[in-house]
Amino acid sequence: MAELSKEMFVIHGKDLKEMENISRPSLTFWQDAWRRFRKNKTAMVGLFIIVLYALLAIFAPMVSPYKFSATDSSAMNALPSLQHLFGCDSVGRDQWTRVWMGARVSLSIGLVSALVNMCVGAVIGGLCGYYGGKLDMIVMRIVDILYGIPSLIITILVMMVLGKGVIALVVALCIVGWIGTCRFVRGEVYRLKEQDFVLAAKVMGVSDIVIILRHIIPNILGMLITNMCMAIPGAIFQEAFLSYIGVGIAAPNCSWGVLAKEGIQYLRIYPHEILIPALIICSTMLALNLLGDGLRDAVDPRLRGTE
(Lines give C-alpha, C1' and ligand atoms only; values in the text may rest on other atoms or scores of the structure.)
Protein backbone atom coordinates (compact mmCIF):
# COMPACT_ATOMS: atom_id res chain seq x y z
CA MET A 1 0.00 0.00 0.00
CA ALA A 2 2.86 2.37 0.77
CA GLU A 3 4.43 1.80 -2.66
CA LEU A 4 1.06 2.28 -4.36
CA SER A 5 0.35 5.54 -2.58
CA LYS A 6 3.87 6.70 -3.36
CA GLU A 7 3.37 6.05 -7.08
CA MET A 8 0.04 7.86 -7.01
CA PHE A 9 1.68 11.08 -5.80
CA VAL A 10 4.72 10.97 -8.06
CA ILE A 11 4.69 13.98 -10.38
CA HIS A 12 6.75 13.70 -13.51
CA GLY A 13 8.51 16.67 -15.08
CA LYS A 14 5.95 16.92 -17.87
CA ASP A 15 3.03 16.86 -15.44
CA LEU A 16 4.73 19.49 -13.30
CA LYS A 17 5.15 21.74 -16.34
CA GLU A 18 1.49 21.32 -17.23
CA MET A 19 0.48 22.23 -13.69
CA GLU A 20 2.69 25.35 -13.85
CA ASN A 21 0.99 26.39 -17.09
CA ILE A 22 -2.41 25.90 -15.48
CA SER A 23 -1.44 27.87 -12.37
CA ARG A 24 0.11 30.70 -14.43
CA PRO A 25 -1.78 33.98 -13.83
CA SER A 26 -4.14 34.96 -16.61
CA LEU A 27 -2.76 37.51 -19.05
CA THR A 28 -4.41 39.72 -21.61
CA PHE A 29 -3.55 39.30 -25.27
CA TRP A 30 -1.13 42.23 -25.26
CA GLN A 31 0.51 41.19 -21.97
CA ASP A 32 1.10 37.71 -23.34
CA ALA A 33 2.41 39.14 -26.63
CA TRP A 34 4.85 41.40 -24.75
CA ARG A 35 6.00 38.46 -22.61
CA ARG A 36 6.82 36.40 -25.70
CA PHE A 37 8.31 39.39 -27.51
CA ARG A 38 10.79 39.99 -24.67
CA LYS A 39 12.03 36.41 -24.99
CA ASN A 40 12.96 37.05 -28.64
CA LYS A 41 16.51 38.41 -28.32
CA THR A 42 16.89 39.38 -31.98
CA ALA A 43 13.64 41.34 -31.87
CA MET A 44 14.78 43.15 -28.73
CA VAL A 45 18.05 44.04 -30.47
CA GLY A 46 16.05 45.45 -33.39
CA LEU A 47 13.87 47.45 -31.00
CA PHE A 48 16.96 48.82 -29.23
CA ILE A 49 18.52 49.96 -32.53
CA ILE A 50 15.32 51.69 -33.68
CA VAL A 51 14.86 53.48 -30.35
CA LEU A 52 18.53 54.52 -30.35
CA TYR A 53 18.34 55.92 -33.89
CA ALA A 54 15.08 57.70 -33.12
CA LEU A 55 16.58 59.37 -30.02
CA LEU A 56 19.69 60.38 -31.97
CA ALA A 57 17.53 61.80 -34.75
CA ILE A 58 15.65 63.92 -32.23
CA PHE A 59 18.45 65.12 -29.96
CA ALA A 60 21.75 64.83 -31.89
CA PRO A 61 21.13 67.83 -34.21
CA MET A 62 19.91 69.85 -31.22
CA VAL A 63 23.13 69.43 -29.23
CA SER A 64 25.53 69.45 -32.19
CA PRO A 65 27.66 72.61 -32.49
CA TYR A 66 27.25 72.48 -36.27
CA LYS A 67 24.18 73.19 -38.38
CA PHE A 68 23.35 70.61 -41.01
CA SER A 69 23.66 73.17 -43.82
CA ALA A 70 26.66 75.14 -42.48
CA THR A 71 29.80 74.81 -44.60
CA ASP A 72 33.46 75.05 -43.59
CA SER A 73 36.04 75.34 -46.37
CA SER A 74 38.83 74.24 -44.03
CA ALA A 75 37.10 70.91 -43.28
CA MET A 76 36.19 69.77 -46.78
CA ASN A 77 36.22 65.94 -47.02
CA ALA A 78 37.60 65.72 -43.48
CA LEU A 79 38.01 62.21 -42.10
CA PRO A 80 36.14 61.10 -38.95
CA SER A 81 37.67 62.61 -35.83
CA LEU A 82 36.74 63.80 -32.36
CA GLN A 83 35.74 67.15 -33.85
CA HIS A 84 33.65 65.61 -36.65
CA LEU A 85 32.57 62.11 -35.59
CA PHE A 86 31.44 61.08 -39.08
CA GLY A 87 33.78 63.43 -40.95
CA CYS A 88 32.67 66.13 -43.39
CA ASP A 89 31.38 66.13 -46.95
CA SER A 90 32.82 67.79 -50.05
CA VAL A 91 31.78 71.30 -48.98
CA GLY A 92 32.71 70.96 -45.31
CA ARG A 93 29.32 70.14 -43.79
CA ASP A 94 29.40 68.02 -40.63
CA GLN A 95 28.25 64.49 -41.52
CA TRP A 96 27.21 63.59 -37.97
CA THR A 97 24.61 66.35 -37.95
CA ARG A 98 23.50 65.63 -41.53
CA VAL A 99 23.10 61.90 -40.90
CA TRP A 100 20.73 62.43 -37.99
CA MET A 101 18.88 65.28 -39.70
CA GLY A 102 18.44 62.86 -42.59
CA ALA A 103 17.20 60.27 -40.11
CA ARG A 104 14.41 62.65 -39.11
CA VAL A 105 13.27 62.87 -42.72
CA SER A 106 13.71 59.21 -43.66
CA LEU A 107 12.19 57.74 -40.48
CA SER A 108 9.30 60.23 -40.56
CA ILE A 109 8.51 59.43 -44.19
CA GLY A 110 8.69 55.70 -43.52
CA LEU A 111 6.50 55.86 -40.42
CA VAL A 112 3.89 58.28 -41.80
CA SER A 113 3.50 56.52 -45.15
CA ALA A 114 3.26 53.08 -43.48
CA LEU A 115 0.69 54.39 -40.98
CA VAL A 116 -1.44 56.03 -43.70
CA ASN A 117 -1.24 52.92 -45.88
CA MET A 118 -2.29 50.76 -42.93
CA CYS A 119 -5.32 52.92 -42.14
CA VAL A 120 -6.47 53.31 -45.76
CA GLY A 121 -5.87 49.67 -46.61
CA ALA A 122 -7.58 48.48 -43.43
CA VAL A 123 -10.72 50.57 -44.08
CA ILE A 124 -11.07 49.63 -47.76
CA GLY A 125 -10.14 45.99 -47.21
CA GLY A 126 -12.41 45.70 -44.18
CA LEU A 127 -15.43 47.05 -46.07
CA CYS A 128 -14.77 44.76 -49.02
CA GLY A 129 -14.31 41.71 -46.84
CA TYR A 130 -17.32 42.36 -44.62
CA TYR A 131 -19.90 43.41 -47.18
CA GLY A 132 -18.55 41.74 -50.33
CA GLY A 133 -20.79 41.94 -53.38
CA LYS A 134 -20.28 44.55 -56.09
CA LEU A 135 -18.12 46.74 -53.85
CA ASP A 136 -15.67 43.90 -53.34
CA MET A 137 -15.64 43.01 -57.03
CA ILE A 138 -15.01 46.60 -58.21
CA VAL A 139 -12.30 47.36 -55.65
CA MET A 140 -10.49 44.07 -56.19
CA ARG A 141 -10.41 44.63 -59.96
CA ILE A 142 -8.87 48.07 -59.35
CA VAL A 143 -6.34 46.48 -57.01
CA ASP A 144 -5.49 43.83 -59.61
CA ILE A 145 -4.87 46.52 -62.23
CA LEU A 146 -2.63 48.50 -59.88
CA TYR A 147 -0.75 45.34 -58.97
CA GLY A 148 0.07 44.84 -62.63
CA ILE A 149 1.95 48.17 -62.76
CA PRO A 150 5.32 48.39 -60.92
CA SER A 151 4.75 50.58 -57.89
CA LEU A 152 8.08 52.35 -58.35
CA ILE A 153 7.00 53.62 -61.79
CA ILE A 154 3.76 55.01 -60.37
CA THR A 155 5.66 56.66 -57.51
CA ILE A 156 8.15 58.31 -59.88
CA LEU A 157 5.34 59.58 -62.13
CA VAL A 158 3.49 61.06 -59.15
CA MET A 159 6.70 62.73 -57.94
CA MET A 160 7.22 64.27 -61.38
CA VAL A 161 3.72 65.77 -61.19
CA LEU A 162 3.79 66.91 -57.55
CA GLY A 163 7.42 67.97 -57.47
CA LYS A 164 10.07 67.35 -54.83
CA GLY A 165 9.49 67.54 -51.10
CA VAL A 166 8.52 65.53 -48.04
CA ILE A 167 4.74 65.90 -48.47
CA ALA A 168 4.89 65.05 -52.17
CA LEU A 169 6.98 61.97 -51.41
CA VAL A 170 4.57 60.75 -48.73
CA VAL A 171 1.62 61.19 -51.11
CA ALA A 172 3.48 59.32 -53.85
CA LEU A 173 4.29 56.42 -51.52
CA CYS A 174 0.66 56.24 -50.37
CA ILE A 175 -0.87 56.14 -53.87
CA VAL A 176 -0.28 52.41 -54.23
CA GLY A 177 1.15 51.51 -50.81
CA TRP A 178 -2.25 50.60 -49.35
CA ILE A 179 -2.86 47.76 -51.83
CA GLY A 180 -1.03 45.05 -49.89
CA THR A 181 -2.74 45.92 -46.61
CA CYS A 182 -6.10 46.03 -48.38
CA ARG A 183 -5.78 42.49 -49.71
CA PHE A 184 -4.47 41.18 -46.39
CA VAL A 185 -7.27 42.78 -44.33
CA ARG A 186 -9.93 41.70 -46.83
CA GLY A 187 -8.89 38.06 -46.47
CA GLU A 188 -8.79 38.21 -42.67
CA VAL A 189 -12.18 39.96 -42.38
CA TYR A 190 -13.72 37.54 -44.86
CA ARG A 191 -12.52 34.68 -42.66
CA LEU A 192 -13.55 36.25 -39.35
CA LYS A 193 -17.06 37.22 -40.41
CA GLU A 194 -17.91 33.51 -40.75
CA GLN A 195 -16.78 32.72 -37.20
CA ASP A 196 -19.32 31.76 -34.55
CA PHE A 197 -18.84 34.84 -32.37
CA VAL A 198 -19.61 37.18 -35.30
CA LEU A 199 -22.63 35.13 -36.38
CA ALA A 200 -23.89 35.12 -32.77
CA ALA A 201 -23.57 38.92 -32.62
CA LYS A 202 -25.58 39.25 -35.84
CA VAL A 203 -28.31 36.97 -34.47
CA MET A 204 -28.50 39.12 -31.32
CA GLY A 205 -29.11 42.18 -33.50
CA VAL A 206 -25.77 43.91 -32.98
CA SER A 207 -25.16 46.58 -35.61
CA ASP A 208 -22.45 46.15 -38.24
CA ILE A 209 -20.37 49.05 -36.95
CA VAL A 210 -20.27 47.57 -33.44
CA ILE A 211 -19.33 44.14 -34.81
CA ILE A 212 -16.50 45.67 -36.82
CA LEU A 213 -15.18 47.85 -33.98
CA ARG A 214 -15.56 45.42 -31.07
CA HIS A 215 -15.17 41.98 -32.62
CA ILE A 216 -13.29 42.10 -35.92
CA ILE A 217 -10.75 44.92 -35.53
CA PRO A 218 -9.33 43.67 -32.18
CA ASN A 219 -8.70 40.28 -33.80
CA ILE A 220 -6.62 41.74 -36.65
CA LEU A 221 -5.03 44.71 -34.85
CA GLY A 222 -1.93 42.79 -33.84
CA MET A 223 -1.32 41.56 -37.38
CA LEU A 224 -1.96 45.08 -38.72
CA ILE A 225 0.72 46.53 -36.45
CA THR A 226 3.12 43.79 -37.49
CA ASN A 227 2.34 44.43 -41.15
CA MET A 228 2.99 48.14 -40.65
CA CYS A 229 6.39 47.47 -39.04
CA MET A 230 7.32 45.28 -42.00
CA ALA A 231 6.23 48.04 -44.42
CA ILE A 232 8.37 50.80 -42.87
CA PRO A 233 11.70 49.43 -44.22
CA GLY A 234 10.26 49.32 -47.73
CA ALA A 235 9.12 52.94 -47.48
CA ILE A 236 12.54 54.04 -46.18
CA PHE A 237 14.28 52.20 -49.01
CA GLN A 238 11.98 53.76 -51.61
CA GLU A 239 12.66 57.23 -50.17
CA ALA A 240 16.41 56.59 -50.25
CA PHE A 241 16.23 55.30 -53.82
CA LEU A 242 14.09 58.19 -55.08
CA SER A 243 16.36 60.73 -53.41
CA TYR A 244 19.38 58.92 -54.83
CA ILE A 245 18.11 59.25 -58.42
CA GLY A 246 17.18 62.89 -57.84
CA VAL A 247 13.37 62.83 -57.66
CA GLY A 248 12.96 62.68 -53.88
CA ILE A 249 14.13 65.15 -51.26
CA ALA A 250 15.61 68.33 -52.72
CA ALA A 251 18.49 70.43 -51.36
CA PRO A 252 19.09 72.03 -48.93
CA ASN A 253 17.09 69.38 -47.05
CA CYS A 254 18.85 66.09 -46.48
CA SER A 255 17.86 62.46 -46.11
CA TRP A 256 19.74 59.20 -46.13
CA GLY A 257 19.19 58.91 -49.87
CA VAL A 258 20.60 62.41 -50.45
CA LEU A 259 23.66 61.58 -48.35
CA ALA A 260 24.22 58.37 -50.33
CA LYS A 261 23.89 60.27 -53.61
CA GLU A 262 26.44 62.86 -52.51
CA GLY A 263 28.85 60.32 -51.04
CA ILE A 264 28.93 57.90 -53.99
CA GLN A 265 30.88 60.47 -56.02
CA TYR A 266 33.84 60.13 -53.64
CA LEU A 267 33.74 56.38 -53.08
CA ARG A 268 37.31 55.77 -54.19
CA ILE A 269 39.05 58.61 -52.36
CA TYR A 270 36.74 59.35 -49.39
CA PRO A 271 34.78 56.12 -48.82
CA HIS A 272 33.51 57.20 -45.39
CA GLU A 273 31.11 59.66 -47.05
CA ILE A 274 29.10 56.79 -48.57
CA LEU A 275 29.87 53.93 -46.18
CA ILE A 276 28.49 55.65 -43.07
CA PRO A 277 25.06 56.54 -44.57
CA ALA A 278 24.89 53.11 -46.22
CA LEU A 279 25.63 51.40 -42.89
CA ILE A 280 22.94 53.44 -41.13
CA ILE A 281 20.38 52.58 -43.83
CA CYS A 282 21.24 48.86 -43.79
CA SER A 283 21.21 48.59 -40.00
CA THR A 284 17.87 50.42 -39.81
CA MET A 285 16.23 48.14 -42.36
CA LEU A 286 17.69 45.05 -40.64
CA ALA A 287 16.46 46.24 -37.24
CA LEU A 288 12.95 46.96 -38.56
CA ASN A 289 12.77 43.52 -40.17
CA LEU A 290 13.91 41.85 -36.94
CA LEU A 291 11.33 43.89 -35.04
CA GLY A 292 8.60 42.95 -37.50
CA ASP A 293 9.48 39.25 -37.31
CA GLY A 294 9.41 39.40 -33.52
CA LEU A 295 6.03 41.15 -33.48
CA ARG A 296 4.63 38.64 -35.95
CA ASP A 297 5.67 35.75 -33.71
CA ALA A 298 4.45 37.52 -30.57
CA VAL A 299 0.94 38.30 -31.82
CA ASP A 300 0.40 34.99 -33.64
CA PRO A 301 -2.49 33.35 -31.73
CA ARG A 302 -1.36 29.90 -32.86
CA LEU A 303 1.77 30.23 -30.68
CA ARG A 304 -0.14 30.94 -27.48
CA GLY A 305 0.15 28.20 -24.95
CA THR A 306 3.10 26.50 -26.71
CA GLU A 307 5.72 27.90 -24.33
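The model is predicted, so local features need pLDDT of at least 70 and side-chain atom pairs count only at pLDDT 80 or more, while totals for chains, interfaces and linings use all residues. Residues are numbered from 1 along each chain as its sequence is written, and side-chain values use heavy atoms, with hydrogens and water left out.

**Helix packing**

- Helix α10 (residues 196-203) and helix α11 (residues 208-244) have axes 11 Å apart, at an angle of about 180°; axes are lines fitted to C-alpha atoms over the stretch in contact, and angles run from 0 to 180 degrees between N-to-C directions.
- Helices here are DSSP runs (H or I, at least four residues), numbered from the N terminus.
- α10 and α11 are therefore roughly antiparallel (angle over 145 degrees).
- Phe197, Val198, Ala201 and Lys202 of α10 contact Ile211, His215, Ile216 and Asn219 of α11 (heavy atoms within 4.5 Å).

**Salt bridges**

- There are eight salt bridges in the structure (a side-chain nitrogen of Lys or Arg within 4 Å of a carboxyl oxygen of Asp or Glu).
- Asp136 and Arg186 form a salt bridge at 2.6 Å, N to O.
- This pair joins helix α6 (residues 133-147) to helix α9 (residues 179-192), 50 residues apart.
- Asp136 is buried at 13% relative accessibility (buried is under 20%, exposed over 50%, partly exposed in between, with a 1.4 Å probe and protein chains only).
- Arg186 is partly exposed, at 25%.
- A network of salt bridges links Asp89, Arg93, Arg98 and Glu262.
- Within α9, Arg191 and Glu188 lie three residues apart and form a salt bridge at 2.8 Å.

Definitions and conventions. Helices (H or I, at least four residues) and strands (E, at least two) are DSSP runs, numbered from the N terminus. Angles under 35 degrees count as roughly parallel, over 145 as roughly antiparallel, 65 to 115 as roughly perpendicular and the rest as oblique.
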